[in-house]
Structures are given as C-alpha cells and as structure tokens.
Amino acid sequence: MGEHDRIATTGFSKMSDRQLGLWDLRDPKEPIGGFHMLDSISGVCMPFWDDSTQCLYLAGKGDGNIRYFEYENDKFEYLSEYKSPDPQRGLAFLPKRGVNMHENEVMRAFKTVNDSYIEPISFIVPRRAEVFQGDIYPPVVGTKPAMSAAE
C-alpha cells in the first residue's frame, strides 16, 4: 500500500465470510486490529488500491457491489458502497489523468457485466463549489518523466 509498509488482503474465514485484513510487513504474525468481516457472499473479493487518495476499493466477483474504504491511522474506515443488481466478472480502473475534475470525480471504474458489455462507474465527491478542489486531487504519477535516462 504505497509507502506505508502495510499490505491489505482479502479472503475467507472458516465460516466462509469474506474478510479484509491489514498487515504490518515488519511483523506479519497477525493482522492489525484483526480481520474485518465484509459479508457472506461466496465470490472472490478483488482489491484495488488508490495511492493518491489512500482509498481501497473492494469489488466482489459475482456480485454487483463495490465497497470503498479510506486508510487512516492504521485502519480502514468505511466510506460508502456502489450497489448494482448486475454481477461483475471483472473490474479495471481508469488512470487519474482520465477522471472528470469538473464533476469532482475521484475514480472511474469499468466493470464487465455477463461478458456482454462494459459499464462505466464514476466515484464522485459531492461538493457545491465550482472551483478546483485541491484536497481531493493530490499530486499523482503523470506521463511526463521527471528525468531522462542520461540524467
């Protein structure tokens, strides 16, 4: 997870509940704060980390939900959930340079639905201001290199 010396994992408990764990790389004996139970759906949970906003997106394979959490003070705080009746088979996120800053979009995902079409999903921070929102758009990796190979 970026520069935190932490790893987030998803898996199943003995009772087949999906769970989320946060681990310290220097002491990986037990997850920090134990496991967080998500639900009891049988599909694999696919994690996606956004280093710029410190958010973890969890998409369940075979269900239509995408939960997102903010990482803060060595724990994941639940933010919200995208719900859809259409199950996803796969998911991919657009690079940050493709989001719509005028609409306060912080992430955009594309999910495959029943191998028949791709559905775009926007994650938008609700704000009234019409000026640039610097707090939700920290610096990110761009396409222009910082230095050349000769440097």
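Colleague: How do β9 and β10 pair?

Modeller: Strand β9, residues 105-113, pairs with β10 in the antiparallel sense over 8 bridges, where two strands count as paired if DSSP finds at least two bridges between them. Within this pairing, Met107 stands opposite Phe123 in β10. Please keep in mind that this is a predicted model, in which local features need pLDDT of at least 70 and side-chain atom pairs count only at pLDDT 80 or more, while totals for chains, interfaces and linings use all residues. Residues are numbered from 1 along each chain as its sequence is written, and side-chain values use heavy atoms, with hydrogens and water left out.

Colleague: Which strands make up the open sheet, and in what order?

Modeller: The open sheet is formed by 3 strands in the order β8-β9-β10, with antiparallel pairing. Because β8 (88-93) and β10 (117-124) stand at the edges with a single partner strand each, one side of each is left without a neighbour in the sheet. On average, neighbouring strands of this sheet are turned by 25° against each other, direction ignored, with axes being lines fitted to C-alpha atoms and angles running from 0 to 180 degrees between N-to-C directions.

Colleague: Switching to β6, is it mostly covered or mostly open?

Modeller: Strand β6, residues 66-72, is mostly covered, since 5 of its 7 residues are buried, and buried means under 20% relative accessible area with a 1.4 Å probe, counting protein chains only.

Colleague: And which residue in β6 is the bridge partner of Tyr57?

Modeller: That partner is Tyr68, and it belongs to the antiparallel pairing in which 5 bridges join strand β5 (residues 55-60) to β6. These two strands form a hairpin with 5 residues between them, and Gly62 in the turn has a positive phi of about 95°.

Colleague: What about β6 and β7, how many bridges there?

Modeller: β6 and strand β7, residues 75-82, pair in the antiparallel sense over 7 bridges, and Tyr71 has Phe76 in β7 as its bridge partner. Their hairpin has 2 residues between the strands, and Asn73 takes a positive phi near 55° there.

Colleague: Zooming out, how many helices and strands does the protein chain have?

Modeller: The protein chain has 0 helices and 10 strands, where both are DSSP runs numbered from the N terminus, with helices (H or I) needing at least four residues and strands (E) at least two. Of its 151 residues, 36% count as buried.

Technical notes: Buried < 20%, exposed > 50% of the residue type's maximum accessible area, 1.4 Å probe, protein only.
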